[in-house]
Amino acid sequence: MSLSQRKIDKLVLDYLVHEGYKPAAEHLIQEANLPEPPYLSDVERRMEIRAAVHQGDIEKAISLVNDMGTQLLQENKHLYFLLRRQQLIELIRNQDLETAVQFCKAELAPLVNENPEFCSELEEVLGLFVLADPLNSTLSYLLDQKHRQETATLLNAEILKQLRQEEDVQISKVLKLLLWLEKSVSEKDTPTTPLNWMSTDTT
């Protein structure tokens, strides 16, 4: 399977914009003489939002999303609920339980009343209240940095979707497909050679 150099450059550019590497994206645009992709100017704001979630500052992240002029959090109730749920997790992490209870009543209870399907996801977090040592429990993953990262990744994907970019970066789709093909071929008895997917056309 062969890809032209220009196609590879476009795939890499798509990845850089998706992941927020703006200087590298701008350098590649200049070096490979590629057209500037849409929403390149939004990269820095998206990365600021991602950083806020990684740091546990969910209120700042919500404010930054709203400042983009998007109706994302008004239209996507589940995403808004997940952000507020993460905010509750941060309060529990900081052992500010009194504020956490009030926050849950004021922010999360109304969302669950309007959307009963969110109830089980909230109940999962509420389990942290009754644990003597949440960090060494079956719910410890909620307090892990990885959970923040997962929330940030989801938010970034939904912002891109709102901006009419693809939710899943194209290079990731290509890699997933090629890895699946190689795995499928390797499971057969017929000897094969690995796919040289990074080779470039000479024409």
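Me: What makes the crossing of H1 and H2 left-handed?

Reply: The crossing of H1 and H2 comes out as left-handed; that word applies if the near helix is turned anticlockwise from the far one by less than a right angle, with clockwise giving right-handed. Bear in mind that this is a predicted model, where local features need pLDDT of at least 70 and side-chain atom pairs count only at pLDDT 80 or more, while totals for chains, interfaces and linings use all residues. Residues are numbered from 1 along each chain as its sequence is written, and side-chain values use heavy atoms, leaving out hydrogens and water.

Me: Which residues in H1 meet H2?

Reply: Arg6, Asp9, Val12, Leu13, Leu16 and Val17 in H1 meet residues in H2, including Leu28 and Ile29. Contact means heavy atoms within 4.5 Å. By class, the residues there are 9 nonpolar, no polar and 2 charged; Val and Leu count as nonpolar, Asp and Arg as charged.

Me: And what makes H4 and H6 roughly antiparallel?

Reply: H4 (residues 58-67) and H6 (residues 77-93) pack at about 155 degrees, axes 9 Å apart. So H4 and H6 are roughly antiparallel to each other. Ile58, Glu59 and Ile62 of H4 meet H6 residues, among them Tyr80 and Leu83, and the contact of H4 with H6 holds 4 nonpolar, 2 polar and 3 charged residues.

Me: Is Ser137 buried or exposed?

Reply: Ser137 has a relative accessible area of 19%, so Ser137 is buried (buried is under 20%, exposed over 50%, partly exposed in between, with a 1.4 Å probe and protein chains only). Ser137 sits in the loop between H8 (119-126) and H9 (145-162). A polar atom of the Ser137 side chain lies 2.7 Å from the backbone oxygen of Pro134.

Me: How many helices and strands does the protein have?

Reply: There are 10 helices and 0 strands, taken as DSSP runs (H or I, at least four residues, for helices; E, at least two, for strands). Of the 203 residues, 39% are buried.

Note on methods: Polar contact = N/O pair within 3.5 Å; in protein donor to acceptor, adjacent residues only side chain to side chain. Axes fitted to C-alpha atoms, helices over the stretch in contact; angles between N-to-C directions. Parallel < 35°, antiparallel > 145°, perpendicular 65-115°, else oblique.
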